[in-house]
Amino acid sequence: MSYIKPNFRHPELPVNELGYTKKNYEGAISTLCAGCGHDSISGAIVQAIFELSIEPHNVAKLSGIGCSSKTPTYFLGNSHGFNSVHGRMPSVATGANMANREMVYIGVSGDGDTASIGMGQFAHAVRRNLNMMYVVENNGCYGLTKGQDSATADVGSMSKKGEPNPFEPIDLVSVALQLGATFVARSFSGDKEQLIPLIKAAISHQGFALIDIVSPCVTFNNNAGSTKGYEHVRDHLAATGTVDFVPMKEEITASYHPGTSQEVTLHDGSVVHLHKADEKLDIHSRRSALALIKDYKAQDKILTGLLYMDPDSQELHETIDSSKKPLRKLTESELCPGNKVLKNINDSLR
Amino acid sequence: MKATDIKDPEYFHKVVDCQYACPAHTPVPEYIRLIGEGRYTDAYMINWESNVFPGVLGRTCDRPCEPACRRDRVEDEPVAICRLKRVAADNKDDDDVSSRMPAIPAKKNGKRVALIGGGPASLTVARDLMPLGYTIDLYDDQKAGGGFMRSQIPSFRLPESVLNQEVDYILDMGVDAHFNHYVDSLKSILDKNYDAVFVGTGAPRGRDLNIPGREEAKENIHIGIDWLSSVAFEHIDKIGKKVIVLGGGNTAMDCCRTSLRLGADEVKVIVRSPRAEMKASPWEIEDAEREGIPMFENHVPLEFVVEDDKLVGMKFDKVRAEYDENGKRSLVSLGEEPVYVECDDVCIAIGQDNAFPWIERDLGLEFGKWDMPVVNRDTFQSTNPKVFFGGDAAFGPENVITAVAHGHQAAVSIDLFLNGKAVDERPAPGTTLVSQKMGIHEWSYDNGVVDDQRYVVPHADVSQSLKDRKLEVELGFDQETGFAEAQRCLNCDIQTVFTESKCIECDACVDICPTDCITFTPSGEEEELRTRLSAPANNLAQDLYVSTDSLPTNRIMVKDENVCLHCGLCAERCPTAAWDMQKFMYQVTKAGQ
């Protein structure tokens, strides 16, 4: 088995605005099972961050425990990382984000880490609208402990063991919509064309951005009868449409049909275009998204793509009016403003 | 785009760039792996089967394989293939090699073949036909076998002992060699009732330069190839103090370096063309410069200057090269005063020609353009069906490895011809394709890719080597460096073989590939397809490996072979073994196959 990826890359690799190639955004060679959907998600993250020309040292990767949570080792090797406690990634992400609002936060979690042990933490990060991209690598099973059904496994879905799952699943996108998430999307690890623009939009979004990614477990949950295997997912995919992410600096060249397309300008001036496959969807309406998710589910379809986003989202720092500067940039005079300021405060309380 | 037919032997052959570029198609990665394992004799025998003179070629080959090497496209320098070949030859077990020589049947097949010329082409024919029971007579005007390898390549590049050993492997098969025998009539040979005749007489006539003073100064003006052979056979052992060598090819490099060793103090190489267009191999030019020989470009010879019946110098016209829109070059005089260069001797090494004064023109053997015999490019048969040509004699001056390749093919033709078969219905090359999987994520080859830069071959001390004409300048790699250099080989013969029926399109191969070779995408025409692959696919000389569209999503798998490292990671990361690493062996059709 190879533990080291060769150092040679394609000699004509494109460079981004920073002069970096994709290699500068890669991580260590994966130790996950061959064919794991998670590796594709890592690849999509590498590509998206490269294309966004984000400096690797301005990214923090945070994760909990599980196969999914191991993956930050396999991408963005030049970025910061924190592999935290099971289900507690949102707390660590919150702390990090509060300390330095200038960085890009990528949370990577799985269906166990989010929908079981971390459900409480997840819920609160959503309702606070913490500014981060939260990726759930959702394979419907506990791969690290030999494939038991997880809380997102569909009723009746069978893992490799062959027993149908008797419990109702938790649908993370619906939960997030109900908890007030400001950016909600679902995707499939095997569809990078959809996933990469979604990641770019999620990173550019100000506030909590959830991407629930169906990511097949080749070892324990890629068999006939599973609703999260490659074959089943491909046969039951439906997309809300295709997403174009146009960074602020680029001119919009494509023409879009009103009615079948919807355009959202983000906080930083970049634009997300959705070419709708289903005209019923209004990505500014939670109700529309929730209804559509239910409709497709009733037709035994998995609805993917951008489901909801609020371009006027107010992220946690704004809500609590926290320091505009990262804490590390505060000088002594700002931290200890002196007697005069103390006196003013005291006076105001008299 | 049509799905790739990997059953076509030439598809994977082309992926093994070095082997494909080699005229004899030596299985390069296979022997390099054996060198890495310390199996020098095995590595030598693979070479010997294919190129017949591994020790000679490991020192003197023109190495068409090296510019083709995939490593050259991935980093700065190709694998030192040629020098690794020498490692195999230097470290082989001589007794073991002798014991592995093909058995020669005691009972002959009754067919007699004459070989005219004792160079690499003829010797290769003998090598291939002797084990089949042919009776072979070889005629050469030199005192020993080897042809130009003996007379033209100086000993400081190729020690005589190395040449003798490899010539003897063949002569010892029972070839009836007639040395010091110049064949002055093809008819006389045909009259001896040979069943077939092979002509491997090289391109023996060095070009002359007829400018004023040529006749008056003839005592001190030498034709390069003739002069080198006189030195090799020790008829000449000195030269004047100041020497001009005219010409920019490998013969010129050999002349200038030999002059230094025969006592010249000041040797200058002077060429008509710009330096970048000199025909000599870059490493030959480097070696000459390392010995302190300057090269002067853009100097067209005007006259030999003679005083008191003795050559004293040469005059040159300085020119510049101009190119028309078709890239055709013309040398335009700068109109300056002629440049005068003093000299005592001049070697003219400006090319060589074929010459067949000894072939009668009434033997049914047609001659065409430039008075060259009409020879079939695939069968090497002339218009007299009994007479075959090969090496420089066939299509003009090339090199040793090309002569060997010709010899193999001519032997195939002779064997077919003498068995009453059509010479143009040639047996297909032999190929095998075998999985290298040894277990989960385990391969039988070392699939790690090292970062090492090309290792430099050590040279003998210049002052020492200039004193002794026979002291070999290049010292070759020692075993340790040979191992390290062998590790640089990317194992391009271990092919990435794709089976679409097993693929679940998980993208694992796409994600892991270090050089972004693999793409899954909707089908299209090649030109357009090349614009939407994972990485730029601008090297049109390299094929795209394309699957059918029977994948689950009806897309196709496209792999650009260009910079694939053959690291096997796609196959390691494939959950269904849709990718497999399989060793491709390609064996050129041999006589008697």
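Is the crossing of α15(B) and α16(B) left-handed or right-handed? Select both helices and look: the crossing is left-handed (that is, the near helix is turned anticlockwise from the far one by less than a right angle; clockwise would be right-handed).

Before you go on, some housekeeping. Residues are numbered from 1 along each chain as its sequence is written, while chains are lettered from A and ligands numbered from 1 in the order in which they are written. This is a predicted model, where local features need pLDDT of at least 70 and side-chain atom pairs count only at pLDDT 80 or more, although totals for chains, interfaces and linings use all residues.

**Stop 1: α15 and α16 of chain B**

Stay with that pair. Helix α15 covers residues 250–261 of chain B and helix α16 covers residues 282–290. Helices and strands here are DSSP runs numbered from the N terminus (helices are H or I with at least four residues, strands are E with at least two). Two packed helices are described by the angle between their axes and the distance between the axes. For α15(B) and α16(B), the axes come within 10 Å and cross at roughly 20 degrees. Axes are lines fitted to C-alpha atoms, for helices over the stretch in contact, and angles run from 0 to 180 degrees between N-to-C directions. The two helices are therefore roughly parallel to each other (under 35 degrees; over 145 is roughly antiparallel, 65 to 115 roughly perpendicular and the rest oblique).

Now show the side chains of B:Asn250, B:Met253, B:Cys256 and B:Arg257, which meet B:Glu284, B:Ile285 and B:Ala288 of α16(B). Being in contact takes C-beta atoms, placed from the backbone, within 7 Å. Ala, Val, Leu, Ile, Met, Phe, Trp, Tyr, Cys and Pro count as nonpolar, Asp, Glu, Lys and Arg as charged, and the others, Gly among them, as polar.

**Stop 2: α8 of chain B and its two partners**

Select residues 81–91 of chain B for helix α8, then residues 479–486 for helix α20. Their axes come within 10 Å and cross at roughly 140 degrees, which means α8(B) is oblique to α20(B). α8(B) passes α20(B) in a left-handed crossing. Here B:Leu84, B:Val87 and B:Asn91 meet B:Gln479, B:Gly482, B:Glu485 and B:Ala486.

On the α4(B) side, pick B:Tyr40, B:Ala43, B:Tyr44 and B:Asn47; on the α8(B) side, pick B:Lys85, B:Ala88, B:Ala89 and B:Asn91. That contact has five nonpolar, two polar and one charged residues.

**Stop 3: the cores**

Which residues touch the most other members of the largest nonpolar core? Go for A:Met133, A:Val184, A:Ile199, B:Leu129 and B:Phe198, out of 211 residues. A nonpolar core is a set of buried Ala, Val, Leu, Ile, Met, Phe, Trp, Tyr and Cys residues joined through C-beta atoms within 7 Å. Helix α18 of chain B (residues 400–418) gives this core its largest share, 10 residues.

Zoom in on B:Val125, in helix α10 (residues 120–129) of chain B. B:Val125 is buried, with 36 other C-beta atoms within 10 Å. Buried takes 20 or more such atoms, exposed 12 or fewer, and partly exposed lies in between, with C-beta atoms placed from the backbone. Leaving out residues up to four places away in sequence, B:Val125 touches B:Leu115, B:Phe198, B:Gly390, B:Gly407, B:Ala410, B:Ala411 and B:Ile414.

**Stop 4**

Most residues other than glycine have a negative phi. Select A:Asp300, in the loop between α9 (286–298) and β13 (302–309) of chain A: its phi is positive, about 60 degrees. A:Asp300 counts as exposed, with 12 C-beta neighbours inside 10 Å. Then jump to B:Asn298, where phi is near 55 degrees. B:Asn298 sits in the loop between β9 (295–296) and β10 (299–307) of chain B and is partly exposed, with 19 other C-beta atoms within 10 Å.

**Last stop: where the chains meet**

Show both chains: 30 residues of chain B are in contact with 25 residues of chain A. The chain B side has 15 nonpolar, six polar and nine charged residues.

Notes: Contact = placed C-beta atoms within 7 Å.
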